[in-house]
Amino acid sequence: MSNQIVVVGNLTREPELRYTPNGAAVAKFGIAVNRFYTNRQGEKVEQTDFFTVNAWRQLAENIAESLKTGTRVIVSGRLQSRNWETEDGQKRTVVEIEADEVGPSLRWASAKVTNPDRSGPGDWATDASAESTPEEVPAAS
């Protein structure tokens, strides 16, 4: 079985960036997903679902730096439920999206993409922000 979800919606609150005691970044934000349908009476109906999204490490830091309330985003990830008990003994459950990828929707907006240097120790990425010089290619004869 697969647990994957992709949603497109608007941020309902600013991303909240925190760090675990081990130093891992985590960003939490809300997203509203609107859908439209026609009911049995032929009336157009809008329904809004609200989700909490969690993102980790570099993705979390990029989200906190790039996104703000109202931004239309595409979120890809998995659903995760958490259970706990309140101080007065009530059992609670919440279902959240653990994000694998988050990006701005370009349907009604544009974005400028920058790639920070992540070539530090233990990171597999290279410095994608460095400008490369195009190689000269001889013309075909």
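Visitor: Leaving aside its neighbours within four places in sequence, which residues is T52 in contact with?
Guide: In this predicted model, T52 lies in strand β4. Once the neighbours within four places in sequence are set aside, the residues in contact with T52 are R13, K28, F29, E96 and I97.

Visitor: Is T52 buried or exposed?
Guide: The relative accessible area of T52 is 18%. Because the cut-off for a buried residue is under 20% relative accessible area, T52 counts as buried.

Visitor: Which residues touch the most other members of the largest nonpolar core?
Guide: The largest nonpolar core holds 19 residues. The elements giving two or more residues to this core are β1 (5–11), β3 (25–38), β4 (44–56), α1 (57–66), β5 (72–85) and β6 (91–104), and the largest share, five residues, comes from β3. Among the members of the core, those that touch the most others are V75 and V102.

Visitor: Is R57 buried or exposed?
Guide: R57 has its place in helix α1, and this residue has a positive phi of about 55° although it is not a glycine. The relative accessibility of R57 is 54%, and since exposed means over 50%, R57 counts as exposed.

Conventions:
Residues numbered from 1 in each chain as written. Predicted model: local features only at pLDDT ≥ 70, side-chain atom pairs only at ≥ 80, totals over all residues. Heavy atoms only, no water. Core = buried A, V, L, I, M, F, W, Y, C linked by side-chain atoms within 4.5 Å. Buried < 20%, exposed > 50% of the residue type's maximum accessible area, 1.4 Å probe, protein only. Helix = DSSP H or I, 4+ residues; strand = E, 2+ residues; numbered from the N terminus. Contact = heavy atoms within 4.5 Å.
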